[in-house]
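Colleague: I would like to learn how to read helix packing and pockets. Can we take one model and go through it?

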Amino acid sequence: MTRVAAIDCGTNSIRLLVADVDPATGSFAELDRRMTIVRLGQGVDRTGRLAPEALERTFAACREYAAAIEELGAERIRFVATSASRDAENSADFVAGVREILGVEPEVITGDQEAQLSFDGATKELAGSDHLTKPYLVVDIGGGSTEFVLGSDEVEAARSVDIGCVRMTERHLVVDGAVVDPPSHERAAAIRADIDAALDVAEKTVPLTGAGTLVGLAGTVTTVAGIALELAEYDSGAIHHSRVSRGQVRAITEHLLRSTHEERAAIPVMHPGRVDVIGAGALVLLAVMERTGAHEVVVSEHDILDGIAWSAAV
């Protein structure tokens, strides 16, 4: 077993997983898993740069994670950065800060690499499942982008497109620095038009209607699942591998788009950092289900972070 630390720094959140991993036997023992909303991608779609306050929030989380990694004695660290840092003009500032705090070079990966890691993280534990039809279409809805990966045991096709929940919110729902709340029908329709156009692009690479099982990853999907399950508080164990129907996703999305900030914040499973972006994220999930024809989505709490951990042990 190798003790590894995996860090996934996305557009909306940064997450840490420390685990004992043995790729040869498939053993995976989780020791610590945590998430911090840092909104690294704040304003990137508009300015092309990482905001100073967003960088400082991210570096503060990195300092906290460095302490946890040292305490648990991880032998290897892999830090993967996704959409926001990939797009920013001043990504060198981000890289230098992470290197100073954690002593490792953050890997600003491509969308295709991101898709591969997401697929590995979500599907390695499904290998022995006989109740799920292959191939899987893994959909990872992030803050800046959404990854589509089709495969059974190996990746057959993958594509990343820029329709994350933060990007869609900032592009269509922010006026004079504040989120329009709730959004008008016209603004929601504009988000949907962007999503549909991106799905057209994704479909050129990934057959969206050829999967046996739709597997949904990341905070938008797990939050929608928690709402569907009517949980009194966020429960990762109850959410992992739950199934949410397309009808449920449609009803939840419509409700979220009609709700005020206060109403969304009062939902028991809602993380405070997702309150303003969950409506756009849910709309991405609904559009994906309608385009693929999937009657339900199988929700996974294991995603790119787990894929990073597996890769760090190799």
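Colleague: At what angle do the axes of α8 and helix α10 cross?

Modeller: A word on the source first. This is a predicted model, where local features need pLDDT of at least 70, side-chain atom pairs count only at pLDDT 80 or more, and totals for chains, interfaces and linings use all residues. Residues are numbered from 1 along each chain as its sequence is written, and side-chain values use heavy atoms, with hydrogens and water left out. Axes are lines fitted to C-alpha atoms, for helices over the stretch in contact, and angles run from 0 to 180 degrees between N-to-C directions. Helices (H or I, at least four residues) and strands (E, at least two) are DSSP runs, numbered from the N terminus. Here, α8 and α10 (residues 246-258) cross at roughly 100°, and their axes come within 10 Å. The two helices are therefore roughly perpendicular (65 to 115 degrees; under 35 is roughly parallel, over 145 roughly antiparallel, the rest oblique).

Colleague: Which residues make the contact of α8 with α10?

Modeller: Contact means heavy atoms within 4.5 Å. From α8 come Val224, Ile227 and Ala228; from α10, Gln248, Val249, Ile252 and Leu256. By class, that is 6 nonpolar, 1 polar and no charged residues. Ala, Val, Leu, Ile, Met, Phe, Trp, Tyr, Cys and Pro count as nonpolar, Asp, Glu, Lys and Arg as charged, and the others, Gly among them, as polar.

Colleague: How do α7 and α12 pack?

Modeller: Helix α7 (residues 185-203) and helix α12 (residues 278-292) meet at about 45°, with axes 10 Å apart. That angle makes α7 oblique to α12. Their contact includes Ile191, Ile195 and Leu199 of α7 and Leu283, Val284 and Ala287 of α12. The contact divides into 9 nonpolar, no polar and 6 charged residues.

Colleague: Now pockets. What is the volume of the largest pocket?

Modeller: Rolling a probe the size of a water molecule over the atoms shows where empty space is left. On a 1 Å grid over the protein atoms alone, with a 1.4 Å probe, a pocket is an open set of points with protein on both sides within 12 Å along at least five of seven lines; lining residues have an atom within 4 Å of a point. The volume is the space filled by probe spheres set on the points, which are joined across faces, edges and corners. For the largest pocket it is about 640 Å³. Of its 36 lining residues, Ser13, Arg15, Met35, Gly219 and Arg274 are the closest to the centre.

Colleague: Which element gives the most to that lining?

Modeller: α8 does, with 4 residues.
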